[in-house]
Amino acid sequence: HRFLPSLSPAPPLGLPPLTLPLTCHARPLPAILHPDTFLNFTPALSTMSETKGAKIFKTKCSQCHTVEAGGAHKQGPNLNGIFGRQSGQAAGYDFSKANKTSGVTWGEDTLFDYLLAPKKYIKGTKMVFAGLKKPAERKDLIAYLKSATA
């Protein structure tokens, strides 16, 4: 508790908040520890690796999926144009009823959750892939898919 700044009660509504110098033993906190450093943190696509994602796609996805425009469907559908598309809607592929009726619109967030455990995310899907447990691998794969399927 001696390392924490003393806090005063919140000001009444309509007044600006009080700003207190954040100190540790009467010295200012280093910038890296200052709370404002963390307020502007957002995980960005730039922290994802398309290169790593391409390797993951090649080893874990390409047996069943293609990504290029006009690419063939394999055991799974061609993924070109997947972002913003509703599940079960790629023309010419015979989707499961579960995929057709799931109401999922594919985006970074839905793919991130789906790729963890596809059969749990859409119960009844034909996809036999067990999933990617590591969040970094899912982010890398999504970065690759955003680029390769646009």
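Trp 106 touches Ile 82, Phe 83, Gly 84, Arg 85, Gln 86, Ser 87, Leu 111, Tyr 114, Tyr 121 and Ile 122, leaving out residues up to four places away in sequence. A contact here means heavy atoms within 4.5 Å. This is a predicted model, where local features need pLDDT of at least 70, side-chain atom pairs count only at pLDDT 80 or more, and totals for chains, interfaces and linings use all residues. Residues are numbered from 1 along each chain as its sequence is written, and side-chain values use heavy atoms, with hydrogens and water left out.

Trp 106 also turns up in the largest nonpolar core: of its 19 residues, Phe 57, Trp 106, Leu 141 and Leu 145 touch the most other members. Helices α2, α4 and α6 each put in at least two residues of this core, and the largest share, four residues, comes from α6. A nonpolar core is a set of buried Ala, Val, Leu, Ile, Met, Phe, Trp, Tyr and Cys residues joined through side-chain atoms within 4.5 Å. As for the burial labels, buried means under 20% relative accessible area, exposed over 50%, and partly exposed in between (1.4 Å probe, protein chains only).

## The fold overall

The chain has six helices and two strands, and along the sequence they run β-β-α-α-α-α-α-α. Helices (H or I, at least four residues) and strands (E, at least two) are DSSP runs, numbered from the N terminus.

Of the 150 residues in the chain, 32% are buried. Among contacts with a separation of 6 or more, 38% come from residues 24 or more positions apart. The accessible surface is about 10,200 Å², and carbon and sulfur atoms hold 62% of that; such areas come from the Shrake-Rupley method with a 1.4 Å probe, and for residues only the protein chains shown count as cover.

## Helix α6

Helix α6 covers residues 135–148, and its 14 residues should span 20 Å at 1.5 Å a residue, which agrees with end C-alpha atoms 20 Å apart. The expected span is 1.5 Å times one less than the number of residues.

Buried residues in α6 are Arg 138, Asp 140, Leu 141, Ile 142, Ala 143, Tyr 144 and Leu 145. The buried residues of α6 pack against α2 (50–60) and α4.

## The largest pocket

The largest pocket has a volume of about 540 Å³. It has 30 lining residues, and His 65, Gly 76, Pro 77, Tyr 114 and Met 127 are the closest to its centre. Helices α2, α4 and α6 each give at least two residues to the lining.

On the method side, a pocket is an open set of points on a 1 Å grid over the protein atoms alone, where a 1.4 Å probe fits, with protein on both sides within 12 Å along at least five of seven lines; lining residues have an atom within 4 Å of a point. Grid points are joined across faces, edges and corners, and the volume is the space filled by probe spheres set on the points.

Gly 103 sits in the loop between α3 (97–101) and α4 (108–114). Gly 103 is partly exposed, because its relative accessible area is 44%. Its C-alpha atom is 6.6 Å from that of Ser 87, 16 residues apart along the chain.

Ser 96, in the loop between α2 and α3, has 10% relative accessibility, so it counts as buried. Ser 96 touches Gly 124, Thr 125 and Lys 126, not counting residues up to four places away in sequence. Lys 52, in helix α2, is exposed at 52%; its C-alpha atom is 9.7 Å from that of Ala 136, 84 residues apart along the chain.
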